[in-house]
Amino acid sequence: SNTEQEEEEELEEEESEGEDPDDERDLGKIFAKRVQWLVQNLASRSQVVEELVGDLLHVFKMLLSDSFFPVLKPAIGVGSAFEGWSPHEDDVVYCLLVPLKPPRGHTFHLELGTAGKIQVKDSCIRVVLECTCTREQLVGDMLCFVHNPEEELRRNQDPSLLDTLCTGSYLDVEKTALWFQNFVKSAWVVVPQSHHYNMEVLPSSRSCKLQLTNASRRTLFVEMMFGVQQGDSDIFLSSENTEAIFTPSTTWPESYAVAEVKFFKHMARQVPDNSVHLKCLQLYARILVGTGFSTYALKTAVMHLLTSTPLSGWRRRDFLLRL
């Protein structure tokens, strides 16, 4: 393949620089070749998934523009597949985070969990109605939820977000996921990719999981999570699952997935060509499957090494040392 030819050329170039290949380097070369690393395949499929989800959210935007459901912003690819590696070979899950903004007449107030915990697990999103009397007078596209009688609001306007996707005053993860899943089922026929893929919504209480199968029986697994951004940071309160046995439906744990994918994209621009940092991560993620050792802990270790060791030390000849 072209990749193997490039590796051979790189090896010849290293040898021409006076670096005699020894047993350890040969072993490193064998390991590097045997790791089933399909970067181009991951990148191309990630692009397909991003385009598909973008088209799907565009349909949402058109059909829900006058509603009081959350405003869906462009999805952000997160997780291993969008970072350039995957602990799985055939059943890669392409995860995306869909940022939510409050609809007209509503605001989101983030109530963060107890300070001092390693991971905040009890953060909530409180939904508050705001006065839109000025907008009602100037634009006339909605009635103020705060200062109009409930009976008039029921008769002339769609219900507020508090009455649809909230439990009490808090945005409910499970209600949001179910609403999104049902809308995907009805909106799919409008999406251009519906001509190329059969779509099935898989069971999930805190996200929207899709199984897409094309005419060649090749399958794509897509998971869309939801999140509310903390200020201008890359930290979100998200709908992702926690390690807790029971997570209340109004709990939105903190997620650093957006910051992490930005970190790996930044490093991809800094490391040498043919850097092995993702191959190391890929290999050990495969080794650790079924051991109970978290791949997230492994990823954290690799991120630490990338910031604490010279980036020039991630060439193929350094493969075993980095491992």
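This is a predicted model: local features need pLDDT of at least 70, side-chain atom pairs count only at pLDDT 80 or more; totals for chains, interfaces and linings use all residues.

Reader: How do you know where the predictor is confident, and which element has the lowest mean pLDDT?

Author: The average pLDDT of the chain is 85, and 85% of the residues score at least 70. Helix α1 (residues 2–16) has the lowest mean among the elements, 49, while strand β7 (residues 170–171) has the highest, 98. Over residues 14–21 pLDDT stays under 50, and for this stretch the model has ten contacts beyond four places in sequence.

Reader: Why is Phe 68 called buried?

Author: The limit for buried is under 20% relative accessible area. Phe 68 has 4%, so the label applies. Phe 145 is buried too, at 11%.

Reader: And why is the pair of Phe 69 and Trp 179 called stacked?

Author: Planes under 30 degrees apart count as stacked. Here the angle is 15°, with 5.0 Å from centre to centre, so Phe 69 and Trp 179 qualify. Phe 69 lies in the loop between α3 and β1 and Trp 179 in helix α7 (residues 173–187), so the pair ties together parts 110 residues apart in sequence. Trp 179 is buried at 11%, whereas Phe 69 is partly exposed at 22%.

Reader: Which residues do ring pairs link into a cluster?

Author: The cluster holds Phe 60, Phe 69, Trp 179, Phe 180, Phe 183 and Phe 226. In total, the count comes to nine aromatic pairs.

Reader: How do you know that the charged end of Arg 322 sits over a ring?

Author: The distance part of the rule asks for CZ of Arg within 6 Å of the ring centre, and there is also a limit on the angle to the ring normal. The charged end of Arg 322 is 5.5 Å from the centre of the Trp 314 ring and is listed as sitting over that ring.

Reader: What makes strand β3 largely enclosed?

Author: Seven of the nine residues of β3 (residues 93–101) are buried, so the rest of the structure largely encloses this strand. Its pairings give some detail. β3 pairs with β1 in the antiparallel sense over two bridges, and Val 71 stands opposite Lys 101 in β3. Strand β2 (residues 76–78) is also antiparallel to β3, over three bridges, with Gly 77 partnered by Leu 96. β10 runs parallel to β3, and seven bridges join them; Cys 95 has Glu 223 in β10 as its bridge partner.

Reader: Why is helix α9 described as mostly covered?

Author: Eight of the eleven residues of α9 (residues 277–287) are buried. Among them are His 277, Lys 279, Cys 280 and Gln 282.

Reader: Is Gln 230 buried or exposed?

Author: Buried: its relative accessibility is 18%, and the limit is under 20%, so Gln 230 falls on the buried side. Gln 230 lies in the loop between β10 (219–229) and β11 (236–238). Beyond its neighbours within four places in sequence, Gln 230 is in contact with Leu 110, Leu 112, Ile 235, Leu 237 and Glu 254.

Reader: Last one: why is Arg 217 called exposed, while Asn 274 is called partly exposed?

Author: Exposed means over 50%. Arg 217 has 63%, so it passes that mark, whereas Asn 274 has 47% and counts as partly exposed. Arg 217, in the loop between β9 (208–214) and β10, has a positive phi near 70°. Asn 274, in the loop between α8 (257–270) and α9, has a positive phi near 60°.

Conventions: Residues are numbered from 1 along each chain as its sequence is written. Side-chain values use heavy atoms; hydrogens and water are left out. pLDDT is the predictor's confidence in each residue, from 0 to 100. Helices (H or I, at least four residues) and strands (E, at least two) are DSSP runs, numbered from the N terminus. Contact means heavy atoms within 4.5 Å. Rings of Phe, Tyr and Trp (its six-membered ring) pair if their centres lie within 6.5 Å; planes under 30 degrees apart count as stacked, over 60 as edge-to-face and the rest as tilted. Buried means under 20% relative accessible area, exposed over 50%, partly exposed in between (1.4 Å probe, protein chains only). A charge sits over a ring if NZ of Lys or CZ of Arg is within 6 Å of the ring centre and within 35 degrees of the ring normal. Two strands pair if DSSP finds at least two bridges between them.
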